[in-house]
Amino acid sequence: MAIGSRYWAESFIITTSGKKMYLSNHIDDIKEQMRKKKATIEVTTSNLYSKTFTVLKRNIESYGKC
């Protein structure tokens with residue numbers, strides 16, 4: 001199951017539960033948030049009605065550029 005739209009996406013993350021989230025965040029922003037010592041990152045879905053989520057870093061299996 002995918003959350004967000006891949007047509008407007010800049011990046012994506014895949015959670016440990018198998019959900020793929022297409023994001024409007026740039027990949028450099030995600031990399032920077034992953035380097036910080038905080039336990040969570042803040043991401044915004046890429047679709048017409050975008051929503052902002054907070055995701056635990058330990059729940060992120062992989063991330064990349066679309």
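Predicted model: local features only at pLDDT ≥ 70, side-chain atom pairs only at ≥ 80, totals over all residues.
1. Ser11 belongs to strand S2, which spans residues 11-15. Ser11 has 0% relative accessibility and therefore counts as buried, the cut-off being under 20%.

2. Neighbours within four places in sequence aside, Ser11 is in contact with Met21, Tyr22, Leu23, Asn25, His26, Ile27, Ile30, Gly64, Lys65 and Cys66.

3. With neighbours up to four places away in sequence left aside, the contacts of Ser46 are Gly4, Ser5, Trp8, Ala9, Tyr22, Leu23 and Ser24.

4. Eight residues form the largest nonpolar core: Ile13, Met21, Leu23, Ile30, Ile41, Val43, Val55 and Ile60. At least two residues of this core come from each of strand S3 (20-23) and strand S4 (40-44). In soluble globular proteins, nonpolar side chains tend to be buried together.

5. Ile60, one of the core residues, touches Ile13, Ile14, Thr15, Met34, Ile41 and Val55, residues up to four places away in sequence not being counted.

6. On the aromatic residues, two points may be recorded. The count of aromatic pairs is zero. Lys20 lies over the face of Phe12, at 4.6 Å from the ring centre.

Terms used: Residues numbered from 1 in each chain as written. Heavy atoms only, no water. Phe/Tyr/Trp six-rings, centres within 6.5 Å; stacked < 30°, edge-to-face > 60°. Lys NZ or Arg CZ within 6 Å of the ring centre and 35° of its normal. Core = buried A, V, L, I, M, F, W, Y, C linked by side-chain atoms within 4.5 Å. Buried < 20%, exposed > 50% of the residue type's maximum accessible area, 1.4 Å probe, protein only. Helix = DSSP H or I, 4+ residues; strand = E, 2+ residues; numbered from the N terminus. Contact = heavy atoms within 4.5 Å.
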